[in-house]
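Here are a few exercises to work through with the model open beside you. Try each task before reading its solution.

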Amino acid sequence: ANNGRGGTTSRIVSFCVICQEHTANVLLRPCGHVCLCEAHARQMQESNMLHECPLCKKRCSDHTTLALC
């Protein structure tokens, strides 16, 4: 998607923004960012820190693990 400034923005990043090691495969809602690996999403949820997206800081009401091919 075009960000209006000559660049592009994406809701999907290749690697987890926390560890930069594992593939990002967790969809955050409602913002739509896919920016966490399953392990870090679980860790953040267990520590009650998965209340906002680490990229855009919008409140997260739900998340889904995606099966990426």
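**Exercise 1. Place N25 in the chain, then decide: is N25 buried or exposed?**

Step 1. N25 sits in the segment before β1; strands here are DSSP runs of E with at least two residues, helices are runs of H or I with at least four, and both are numbered from the N terminus. This is a predicted model, in which local features need pLDDT of at least 70 and side-chain atom pairs count only at pLDDT 80 or more, while totals for chains, interfaces and linings use all residues. Residues are numbered from 1 along each chain as its sequence is written, and side-chain values use heavy atoms, with hydrogens and water left out.

Step 2. N25 has a relative accessible area of 14%, so N25 is buried (buried is under 20%, exposed over 50%, partly exposed in between, with a 1.4 Å probe and protein chains only).

Step 3. Beyond its neighbours within four places in sequence, N25 has contacts (heavy atoms within 4.5 Å) that include V34, L36, T64 and T65.

**Exercise 2. Work out the strand order of the open sheet.**

Step 1. Pairing requires at least two DSSP bridges between two strands. β1 and β2 are antiparallel, with two bridges, and V26 has L36 as its bridge partner in β2.

Step 2. Antiparallel β1 and β3 are joined by four bridges. In β3, V26 is partnered by T65 and L27 by T64.

Step 3. The order of the three strands is therefore β2-β1-β3, by the rule that pairing takes at least two bridges. β2 and β3 (62–65) are the edge strands, each pairing on one side only.

Step 4. Now look at the turn: four residues separate β1 from β2 in a hairpin, and G32 there has a positive phi of about 85°.
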